[in-house]
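The following exercises concern the structure shown below. Each task is followed by a solution in steps.

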Amino acid sequence: MASAAMLRSAARSLRLRLRQPLEQQRCLQARQILSSSAPTEALGLQRSSTHARSYSSQLSATSQCSNLTRKSCYLPNPYLYQVWSRSFASDNGDKFEAVVPFMGESVTDGTLANFLKKPGDRVEADEPIAQIETDKVTIDVASPEAGVIEKLIASEGDTVTPGTKVAIISKSAQPAETHVAPSEEATPKESSTPKVEEKPKVEEKAPKVEPPKMQAPKPTAPSKMSPSEPQLPPKERERRVPMPRLRKRIANRLKDSQNTFAMLTTFNEVDMTNLMKLRSDYKDEFVTKHGVKLGLMSCFVKAAVSALQNQPIVNAVIDGDDIIYRDYVDVSVAVGTSKGLVVPVIRDADTMNFADIEKGINNLAKKATEGALSIDDMAGGTFTISNGGVYGSLISTPIINPPQSAILGMHSIVQRPVVVNGDILARPMMYLALTYDHRLIDGREAVFFLRRIKDVVEDPRRLLLDI
């Protein structure tokens, strides 16, 4: 018996001596992770899991590696660290939070317009689940991960800021597919309802409800109420809805423009014969080479650039007691959408040719129609062109888009009789309107500006010869 005990003791001591190098290696690896030159990783590891916190406390409490547990030795695995440090995730990595994204430097908050998904719906990664309406654009709130919407935190109509939690998405939850059960239950109930209904009872009630006395007061009632009812507004036909933020912004800016600027409008008319002929002669070659149709707007943008270069004061702006002259031309093009008027900007229009301008206009118009315009697409602008002719407007007085100093209004093309070389001819004519800030721009500069646009549009060869 003594010899057997001695053999077991010798075997145990041998196993301990063999295990000691492995424990020392694990201890050294853990110390290197927690005391490495990248303290942020060790700190993130400690904050990501309770195992890491207990692991580091054991290291600081004693220098013996025998106190380390086997579970804590597996913590330095980099794959576990990546999972724990994933953004928007909870402690168990199953639930994620969808938050309001950054909306731009000039936008501090927005209104939660509507939810595109409801609790129980399945969403994919980067799929929009809500829309935030700002003063300028509509921004989507996307899901950070694929999963099922567990609940909605915010409500429609709330004012939210970047970083506000909107919804919670769970990766392990199952989509709500219980809508089939009520429909199945409703079918037997509906089948049972006609059994309960008794036709003879309904037929007995019908003759009872039809007394001859009800016919007498019916003609007398409308005759007494007819003279007084038309004077009251039909409230049952009215609808009251909150004004969208975009419409509020448009209203405030236009009213501020009307209250601040000394606006004056000058008019002129332009003969579109030569420009329309130029367009019809080269439209096929233009599409073949540049892949975009040749429109009238590109010529008006080029004419506006030429006029702004001839009259730099129209491209300037008042800033306090100073006048800022811009040596670049960013043309804003007003586009009407279902949500309101937006004014995207064509950057450096003075360096573009006709094809570049047409491509830029088509790209911005497509974004405006799809509601995909960003704040950068509408920031800035030195001069605005508004084409009301696409809606059939004959003549109008546009309002300046602040902080700019002028705006050009285009209108519909109408065949009108005009005198050409002593003859009365029918020509396609368009009225042009230039509204300008009279505090900065005098009538002389405004008339010369509009006349330059007229000359270039009526004879596009001036752009080629720069005359």
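**Exercise 1.** Determine how the residues of the lining of the largest pocket divide into nonpolar, polar and charged.

*Solution.* Step 1: the classes are set as follows: Ala, Val, Leu, Ile, Met, Phe, Trp, Tyr, Cys and Pro count as nonpolar, Asp, Glu, Lys and Arg as charged, and the others, Gly among them, as polar. Step 2: the lining of the largest pocket then holds 27 nonpolar, 14 polar and five charged residues. Step 3: the volume of this pocket is about 1100 Å³, and Ala-334, Val-335, Leu-341, Val-342 and Val-343 are the closest to its centre among the 46 lining residues. A pocket is an open set of points on a 1 Å grid over the protein atoms alone, with protein on both sides within 12 Å along at least five of seven lines, and lining residues have an atom within 4 Å of a point. Grid points are joined across faces, edges and corners, and a volume is the space filled by probe spheres set on the points.

The model is predicted: local features need pLDDT of at least 70 and side-chain atom pairs pLDDT 80 or more, while totals for chains, interfaces and linings use all residues. Residues are numbered from 1 along each chain as its sequence is written, and side-chain values use heavy atoms, with hydrogens and water left out.

**Exercise 2.** Identify which element gives the most to the lining of the largest pocket.

*Solution.* Step 1: elements that each supply at least two lining residues include α9 (245–260), α12 (354–370) and β16 (383–387). Helices (H or I, at least four residues) and strands (E, at least two) are DSSP runs, numbered from the N terminus. Step 2: α9 gives the most, with five residues.

**Exercise 3.** State the strand order of the open sheet formed by four strands, and name its edge strands.

*Solution.* Step 1: two strands pair if DSSP finds at least two bridges between them. Step 2: the order is β5-β4-β2-β7, with antiparallel pairing. Step 3: β5 (138–142) and β7 (159–160) are the edge strands, since each pairs on one side only. Step 4: five bridges join β4 (residues 128–133) to β5, and Gln-131 stands opposite Asp-140 in β5.

**Exercise 4.** Is Gln-311 buried or exposed?

*Solution.* Step 1: Gln-311 lies in the loop between α11 (297–310) and β10 (317–319). Step 2: buried means under 20% relative accessible area, exposed over 50%, and partly exposed in between (1.4 Å probe, protein chains only). Step 3: Gln-311 has a relative accessible area of 15% and is therefore buried. Step 4: not counting residues up to four places away in sequence, Gln-311 touches Glu-445, Phe-448 and Phe-449, where contact means heavy atoms within 4.5 Å.

Terms used
1 Å grid on protein atoms, 1.4 Å probe; cavity = no way out; pocket = protein on both sides within 12 Å on 5 of 7 lines; lining within 4 Å.
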